[in-house]
Amino acid sequence: LRDQDQALITGVNRDEPLALSAVVHKICQELPNCESDSRVKAVIDYFADSLGPACAKFNGADSDNAFVALLAIGNMGRMRGGVNSLVQCANNQRLQIVYRAFALHSLRRFSNFSTTDKHQLSNLLLDESQDAEVRIAAFQALARHGFSNPSMLRDYIRQLLDRTRRPSGSDVCLHSPKKPEGPGRSHHVPDSTERQDRHRAEEAKPP
């Protein structure tokens, strides 16, 4: 990137990075092979690097920049590594649930889901160990692009009906004054920081 381009997309100010990502989206709508342009590729690579593998940078000092990068990726409808990169974010048990779900919401402008992409999202959708918000986000992504297997939707509805007949883990935890112990538990009582992050992600969702 040129110096002025680098200055444009760094920092926690959302306006400039999101404006740049919108320009990239428009360019890629007009040019199917837009990523062959070195300038477009540099922007895509920058935002991917700002997230890190499986959105790992949400857990570091650069979490604000990572959040802006995820918004920008949603605007562009493109990500280095494609849909799989954001599915990895959703599967990252070290991330707060709000970020895992929002990674899937960022697929809203992605196009041409492959059969493999749909299969990965279907696995998230039908995995009862996943948090409900992640599964709902996977369902919404699949609803935009079609299910890889017509029976998937029927299976999911059947599972939802089964869950209504028994108390869920999230219901128990929400009424329990004690947080679950141990790493990797998907159901928990959100603390004030996570509630703020969840509110921030909700505000950033497209209408």
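Visitor: Is Cys 89 buried or exposed, and why?

Guide: This is a predicted model. A residue counts as buried when its relative accessible area is under 20%. Cys 89 has a relative accessible area of 1%, so Cys 89 is buried. Cys 55 counts as buried because its relative accessibility is 0%.

Visitor: Which residue does a disulfide join to Cys 89?

Guide: A disulfide is a covalent bond between the sulfur atoms of two cysteines. Here the disulfide joins Cys 89 to Cys 55, with 2.0 Å from S to S. The pair connects distant parts of the chain, 34 residues apart: Cys 55 belongs to the loop between α3 (38–51) and α4, and Cys 89 belongs to helix α5 (residues 83–90).

Visitor: Why is the disulfide of Cys 55 and Cys 89 right-handed?

Guide: The torsion about its S-S bond is about 80 degrees, so the disulfide of Cys 55 and Cys 89 is right-handed.

Visitor: How many disulfides does the count come to?

Guide: The count comes to two disulfides. Cys 28 and Cys 34 form a disulfide, with their sulfur atoms 2.0 Å apart. This link of Cys 28 and Cys 34 is right-handed, with 95 degrees about the S-S bond. Both Cys 28 and Cys 34 are buried. When the bonded cysteines are counted along the chain, the disulfides follow the pattern 1-2, 3-4.

Visitor: How many residues of α4 are buried?

Guide: In helix α4, 12 of the 14 residues are buried, and the helix is mostly covered. Among the buried residues are Phe 67, Leu 70, Ile 73 and Met 76.

Visitor: How far does helix α4 reach from its first C-alpha to its last?

Guide: Helix α4 (residues 63–76) reaches 20 Å, close to the 20 Å expected at 1.5 Å a residue. Just after α4, Gly 77 takes a positive phi of about 70 degrees.

Visitor: Which residues lie nearest the centre of the largest pocket?

Guide: Rolling a probe the size of a water molecule over the atoms shows where empty space is left. In this model, Gly 77, Arg 78, Phe 110, Ser 111 and Asn 112 lie nearest the centre of the largest pocket. Its lining has 17 residues, and the pocket holds about 320 Å³ of space.

Visitor: Which helix gives the most to the lining of the largest pocket?

Guide: Helix α2 (residues 15–30) gives the most, with three residues. By class, the lining has six nonpolar, seven polar and four charged residues.

Terms used. Residues are numbered from 1 along each chain as its sequence is written. This is a predicted model: local features need pLDDT of at least 70, side-chain atom pairs count only at pLDDT 80 or more; totals for chains, interfaces and linings use all residues. Side-chain values use heavy atoms; hydrogens and water are left out. On a 1 Å grid over the protein atoms alone, a cavity is a set of points where a 1.4 Å probe fits but cannot get out, and a pocket is an open set with protein on both sides within 12 Å along at least five of seven lines; lining residues have an atom within 4 Å of a point. Grid points are joined across faces, edges and corners, and a volume is the space filled by probe spheres set on the points. Helices (H or I, at least four residues) and strands (E, at least two) are DSSP runs, numbered from the N terminus. Ala, Val, Leu, Ile, Met, Phe, Trp, Tyr, Cys and Pro count as nonpolar, Asp, Glu, Lys and Arg as charged, and the others, Gly among them, as polar. The expected span of a helix is 1.5 Å times one less than its number of residues. Buried means under 20% relative accessible area, exposed over 50%, partly exposed in between (1.4 Å probe, protein chains only). A disulfide is a pair of cysteine sulfur atoms within 2.5 Å.
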